[in-house]
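Try each one yourself before reading the solution.

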Amino acid sequence: EKNFHYIVHLSVILFAYIHLGNYVSKDFLFYIISPLIVSSQLVTGILTSFIRIRLSFFWGVLFHSIWNFLILSVPESIFSWAILFD
């Protein structure tokens, strides 16, 4: 329990940096600004970890599912509406 917060923070950082593989560009500047690139994953990972630890696994999974749904559906809806009314 003494090192639990270190383990959680390390896993969140690893989670965020694993997402760098989603990008094609791998030049020097890419790695310099990588904290900005993965900032969304860092914040979401910390928030999901907090919910998971404070509430339960179920609420963490529910938050993650709702987050993914919103991230995937809202931009798609906006894009679809823009095409319809263009």
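**Exercise 1.** How many aromatic pairs does a search of the whole structure find?

Solution. Some ground rules: this is a predicted model, where local features need pLDDT of at least 70, side-chain atom pairs count only at pLDDT 80 or more, and totals for chains, interfaces and linings use all residues. Residues are numbered from 1 along each chain as its sequence is written, and side-chain values use heavy atoms, leaving out hydrogens and water.

Rings of Phe, Tyr and Trp (its six-membered ring) pair if their centres lie within 6.5 Å; planes under 30 degrees apart are stacked, over 60 edge-to-face, and the rest tilted. With that, the search turns up three aromatic pairs.

One of them is Phe30 with Tyr31, at 5.2 Å centre to centre and 85° between the planes, which is edge-to-face.

**Exercise 2.** Classify the Phe58 and Trp59 pair from its ring geometry.

Solution. Start with the centres, which are 5.1 Å apart. Then take the planes: they sit at 75°, so this pair is edge-to-face.

**Exercise 3.** Which residues is Thr44 in contact with, leaving aside its neighbours within four places in sequence?

Solution. First place Thr44: it's in helix H4, residues 39-54 (helices are DSSP runs of H or I, at least four residues, numbered from the N terminus). Next, Thr44 is buried at 12% relative accessibility. Finally, with contact meaning heavy atoms within 4.5 Å, Thr44 touches Phe63 and Trp67.

Key. Helices (H or I, at least four residues) and strands (E, at least two) are DSSP runs, numbered from the N terminus. Buried means under 20% relative accessible area, exposed over 50%, partly exposed in between (1.4 Å probe, protein chains only).
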